[in-house]
Each structure stands twice: as structure tokens, then as C-alpha cells.
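Here is a friendly note to read beside the model, for anyone meeting it for the first time. Please keep the sequence and the 3D view open as you go.

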Amino acid sequence: MSRQRSRLSAQGLVCRFGGVTALDRACIEVPPGLITALTGANGAGKSTLFRCLSGALRPDAGRVLLDGRDITGLPEYARARLGLARTFQQVAVFAGLSVLDNLRVGAEQAGGRGPRESAAAVARTLRLLGLERVADRPAAALPTGTLRLVELGRALAADPGVLLLDEPAAGLDREQAERLAVLLTALAGDGLAVLLVEHDRELVDRIADRVHTMADGRIAGGSAADGR
């Protein structure tokens, strides 16, 4: 496979909490059109890396680049407008809003779109995730597996160029996990850059193009998954 320019990259990230070094010169590249997976034990630094990439946390050293632009100092909302979206290990949705309104919130985070384009993006995302039948239901009334899809839908409604997924298959039943695998593969095929943290190794082996292992705040060089 020819080398592709990374949409998103971390260069030498260092992050310390008191005397604990959570990231120790961590480096990773997330190219377009591929699913990059990150594995590692609890406490390896995966969540800290995601927070630095998304803008929730400012590293003590190192840089985060998006399409070659240094975005290390930009907050989350600014990165979202540049096309960076994420989901969380613990489901994060607006419980008091309907599924439809949760997706509308995501669509509004995208820059440069009018109401008609945002509405079309929401409708398309509802179809992609099979959420039409629960579109008007409040998120608080839905099971965890469906909430995972709502959270993913909120991210996708913004039509991102880069998608960070933190344990997206947790709580999904077999049918939902299958839909997720097919969807992510298709999205990457359309050029989306995906970074996936997932403990379901079967899912990782099935859909990931590159797999990195993280330990003690560092990331080992990626290897092809399933011979890809």
C-alpha cells in the first residue's frame, strides 16, 4: 500500500499528571481512507491520547497536526469545526433530547453549512445507523447499545474528515456490532480517517487496516491487520 498523507497526527506528545507520565513522546498517524486501531491495557495512555487529539487536554509537549496544520492550541469546538469528531468510552449523549435532536446538535458543530444541508446530513445519518424508528424518542429511554449508535450518529452528522472512536462496540448486540463494522469499513472506503480504540479484538482484526499497541504512554509502530 502506498504511503498516504495523514489527516491527523500526534508528534512527540508528553502529558504528565503530577509525578505520573501518561504520554511519553507518543506519536501516531491517522491517514485518510484507513481504519487505524489502538490497543493496550488499561492505563496505557489511550484515553489521554484521545483527549489530546480532540482538544479536551493540552499536552505538556509535542504537537497535534490536522492536514499539516498545528492545532495543538485549539479547543474542542474549533477542532470540531475543522472536521474532527469523537465518541467517548462512557456514552455521552444529551439524555433529555430526542435522538433526532442529538443528531441535530452534531450537525450544528460543522462549519460552513446551512439549515438545509444540516437537515440532510441528519436524515442521512439516521438511515445509516437504522435509527429512524427511534428518532423522536428521548435518549434517556433507550438502552446502552442504541445510545452508542446515537452518540456515533451525533459525530457523523457533522460530516467529519477524522473520527476518533473510543470503545464504540461496548454494549452493542451482535446485529448492531455487525452494522457498525460494515458502516466503518464503508466510511473509511469513502476517505474518512478513523482512529479506533476497541477491546473487541475480533472487531479490530476484521476492520482495522493498521494496529498500534500502546504501553506506558508510548505507541509501538503499526502493523497490518489480517495481512492488509
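**Notes on the helices and a few single residues**

1. Helix α6 is followed by G191, which has a positive phi, near 110°. The model is a predicted one: local features need pLDDT of at least 70 and side-chain atom pairs pLDDT 80 or more, while totals for chains, interfaces and linings take in all residues. Residues are numbered from 1 along each chain as its sequence is written, and side-chain values rest on heavy atoms, without hydrogens or water.

2. How far apart are the end C-alpha atoms of α6? They are 23 Å apart, which agrees with the 22 Å that the 16 residues of this helix (174-189) should span at 1.5 Å a residue. The expected span is 1.5 Å times one less than the number of residues. D173 caps the N-terminal end, with a side-chain oxygen 3.2 Å from the backbone nitrogen of E175.

3. Next, see which residues of α6 are covered. Q176, L180, A181, L183, L184, L187 and A188 are its buried residues. Buried means under 20% relative accessible area, exposed over 50%, and partly exposed in between, using a 1.4 Å probe and protein chains only. An α-helix has 3.6 residues a turn, so residues three or four places apart point the same way. The elements covering the buried residues of α6 include strands β3 (35-39) and β7 (162-166), together with helices α4 (115-129), α5 (144-156) and α7 (201-207).

4. Helix α1 (46-54) is largely enclosed by the rest of the structure, because seven of its nine residues are buried. Those residues are K46, T48, L49, F50, C52, L53 and S54. Just after α1 comes G55, with a positive phi of about 100°.

5. Which helix does α3 (99-108) pack against at about 130°? The partner is α4, and the two axes are 9 Å apart. Axes are lines fitted to C-alpha atoms, for helices over the stretch in contact, and angles between N-to-C directions run from 0 to 180 degrees. That angle makes α3 oblique to α4; under 35 degrees would count as roughly parallel, over 145 as roughly antiparallel, 65 to 115 as roughly perpendicular, and the rest is oblique. The crossing of α3 past α4 is right-handed. A crossing is right-handed if the near helix is turned clockwise from the far one by less than a right angle, and left-handed if anticlockwise. On the α3 side the contact uses V99, L100, L103, R104 and A107, and on the α4 side S118, V122, T125 and L126. Contact means heavy atoms within 4.5 Å.

6. Helix α3 also meets α5: their axes come within 7 Å and cross at roughly 35°. Here, too, α3 passes in a right-handed crossing. V99, N102, L103 and G106 of α3 make the contact with V150, G153 and R154 of α5.

7. Two residues have a positive phi of about 55° without being glycines: D67 and E167. D67 is in the loop between β4 (61-66) and β5 (69-70), and E167 is in the loop between β7 and α6. At 36% relative accessibility D67 is partly exposed, whereas E167 is buried at 7%.

8. Is D166 buried or exposed? This residue of strand β7 is buried, at 3% relative accessibility. Not counting residues up to four places away in sequence, D166 touches S47, F50, R86, T87, F88, Q89, R148 and V197.

9. T213 sits in strand β9 (210-215) and is partly exposed, at 43% relative accessibility. Leaving aside neighbours within four places in sequence, T213 contacts T39, R218, I219 and A220. T213 and K46 are 167 residues apart in sequence, while their C-alpha atoms are 9.6 Å apart.

10. Finally, Q109 lies in the loop between α3 and α4 and is partly exposed, with a relative accessible area of 39%. Beyond its neighbours within four places in sequence, Q109 is in contact with A80 and R81. The C-alpha atoms of Q109 and E202, which are 93 residues apart along the chain, are separated by 33 Å.

How values were computed. Helices (H or I, at least four residues) and strands (E, at least two) are DSSP runs, numbered from the N terminus. A polar contact is a pair of N or O atoms within 3.5 Å; within protein, one must be able to donate a hydrogen and the other to accept it, and residues adjacent in sequence count only if both atoms are side-chain atoms.
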